[in-house]
Amino acid sequence: MSEKSPDRQGELRTGLRRRHMTMLAIGGAVGAGLFVGSGQVIRTAGPAAILSYAAAGLLVLFVLRALGEMVVARPVAGSLAEYARMALGPWAGFTIGWLYWYLYVILVGAEAVAGAAILASWVDLPQWLLAAALLILMTCVNLVSVRSFGEFEFWFASIKVAAIVVFLVLGVLYVLGLWPDSPGGLHNLTAHGGLMPNGLTSVFTAIVAVMFAFGGTEIVTIAAAESAEPGRAVARATGNVLWRVALFYVFSIFLVVSILPWNDAQVLRSPFVSALDRLDVPAAGTIMQAVILTAVLSVLNSAIYVSSRMLYVLTRDGDAPAGLTRLTPRGVPVRAILLGTVAAWGAVVASYVSPDQVFKFLMNSIGTILAFVYLAILISEIRLRRRLERDAPASLTYRMWLFPYLSVLCVVALVAVLVSMAFMPAVRSQLLASLISLAAVAALYPLRRRYGRRPPVTTPPLIHPTDR
């Protein structure tokens with residue numbers, strides 16, 4: 001392939017195909033948080049963890065529906081920040097964009113560390129070296145092209161989905177008494193302290209952890225700008241969130257707490273491995289470790305992609321150095337990708353140098369950023385919906401249900417979750433650290449406004465000339 005120049009100013013390419021978008025949407029809803037983090041949710045809520053996943057899943061579904069409405073009406077790269085800018089002003093686009101970038105940069109480092117910990121049990125090399133290898137590998141995948149990213153994510157998602165489907169089939173056979181030596185029945189749901197052994201409040205406490213596990217479902221809306229059919233892809237993806245959450249999360253957790261007592265120490269440590277061990281599946285631990293590693297690599301791959309696209313949008317709007325907008329002939333924002341990878345190294349180094357202080361703070365500082373982002377999405381949708389109804393009603397082919405009542409109700413629910421965290425000792429540190437992150441980013445905007453080479457983009461065009 002001939003290259004006119006090493007990199008150039010240009011536009012992102014539409015290299016993602018329909019199958020990439022489909023599996024990106026499915027895979028985004030299934031991360032390592034399901035396989036590992038669900039143990040903590042079960043510890044907190046007992047069998048009622050099923051309700052925590054269902055309630056948080058509904059809330060995320062409504063948020064994605066609101067985001068989908070805006071993306072279908074106006075697909076744009078870095079949609080989360082751009083819609084906040086359109087609805088609330090340049091300070092909102094700046095704050096949400098940089099918060100979201102920060103979230104995924106820290107996540108890149110954290111997933112590299114998690115993947116290295118898994119590999120260390122198979123490969124006799126220092127974990128820092130394994131973390132570096134994973135970072136370099138996934139960075140190279142993203143540097144090739146957006147299609148390369150989509151292809152890797154397609155196969156990562158396929159492996160995750162196949163593993164869960166197999167687990168669901170085996171679990172159903174066990175619960176129905178059709179598996180060898182299976183007693184059958186659902187007695188474990190109530191036999192160890194009842195459905196809510198830790199009380200109703202534990203269900204709401206667990207929702208905080210569950211919301212973070214659902215992070216990634218919105219990635220498909222960011223990738224829409226690099227898809228040949230952005231509107232159709234997003235409508236299909238967000239419209240299918242309900243069954244993905246119900247099947248992959250709610251039903252799988254239902255099977256876990258039905259197969260084993262919720263307070264079993266092994267269930268709390270590794271729910272899916274413990275359930276497969278009860279079914280006497282050969283090499284269950286090794287199989288699940290491989291699946292978890294796939295999930296980690298999937299999140300790492302996606303996090304590098306998302307952080308680079310968000311940084312590209314911030315640069316395009318003048319909120320980051322202009323040189324980061326340079327694209328390769330394949331339409332890849334190479335400098336934005338490399339900056340995110342370099343920044344992620346800070347988290348990797350912190351995990352080995354100061355795991356109980358710096359790294360712990362970094363992880364806590366992204367704990368509720370998704371809730372802030374979801375609030376921005378809903379408030380933006382409420383404001384932009386009015387403008388679209390007035391100026392471009394034909395673009396509203398995909399609408400939020402029961403507008404504006406459901407949108408407002410979701411805002412109230414998210415605020416209630418954040419306020420309740422202040423009274424929960426287990427998650428209070430996450431709220432405090434995330435608020436510090438929010439305040440730090442917001443405090444930078446006046447500096448950007450005063451010293452930036454370009455004035456802030458006040459309101460990107462919501463209405464295209466063809467709509468007038």
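## A kink in helix H8

Helix H8 bends by about 30 degrees, with the kink centred on Ile-207. Keep in mind as you look at it that this is a predicted model.

How far apart are the end C-alpha atoms of H8? They are 21 Å apart, which agrees with the 20 Å that the 14 residues of this helix (200-213) should span at 1.5 Å a residue. Ile-207, where the kink is centred, is one of the buried residues of H8. Others buried in this helix include Ser-202, Val-203, Ala-206 and Val-208, along with Val-210, Met-211 and Ala-213.

## How H4 and H5 pack

Two packed helices are described by the angle between their axes and by the distance between those axes. For helix H4 (residues 79-88) and helix H5 (residues 90-119), the angle is about 160 degrees and the axes are 6 Å apart. An angle over 145 degrees counts as roughly antiparallel, so that is how H4 and H5 run relative to each other. The crossing of H4 past H5 is right-handed.

On the H4 side, the contact is made by Leu-80, Ala-81, Ala-84, Arg-85 and Leu-88. Their partners in H5 include Pro-90, Trp-91, Phe-94, Ile-96 and Tyr-100.

Is Ser-308 buried or exposed? This residue of helix H14 (residues 284-316) counts as buried because its relative accessibility is 0%. Leaving aside residues up to four places away in sequence, Ser-308 touches Pro-333, Ala-336 and Ile-337.

Pro-455 sits in the segment after helix H19 (425-451) and is exposed, with a relative accessible area of 62%. Its C-alpha atom is 7.3 Å from that of Gly-318, although Pro-455 and Gly-318 are 137 residues apart along the chain.

Note on methods. Residues are numbered from 1 along each chain as its sequence is written. This is a predicted model: local features need pLDDT of at least 70, side-chain atom pairs count only at pLDDT 80 or more; totals for chains, interfaces and linings use all residues. Side-chain values use heavy atoms; hydrogens and water are left out. Helices (H or I, at least four residues) and strands (E, at least two) are DSSP runs, numbered from the N terminus. The expected span of a helix is 1.5 Å times one less than its number of residues. The bend at a residue is the angle between axes fitted to the seven residues ending there and the seven starting there. Buried means under 20% relative accessible area, exposed over 50%, partly exposed in between (1.4 Å probe, protein chains only). Contact means heavy atoms within 4.5 Å. Axes are lines fitted to C-alpha atoms, for helices over the stretch in contact, and angles run from 0 to 180 degrees between N-to-C directions. Angles under 35 degrees count as roughly parallel, over 145 as roughly antiparallel, 65 to 115 as roughly perpendicular and the rest as oblique. A crossing is left-handed if the near helix is turned anticlockwise from the far one by less than a right angle, and right-handed if clockwise.
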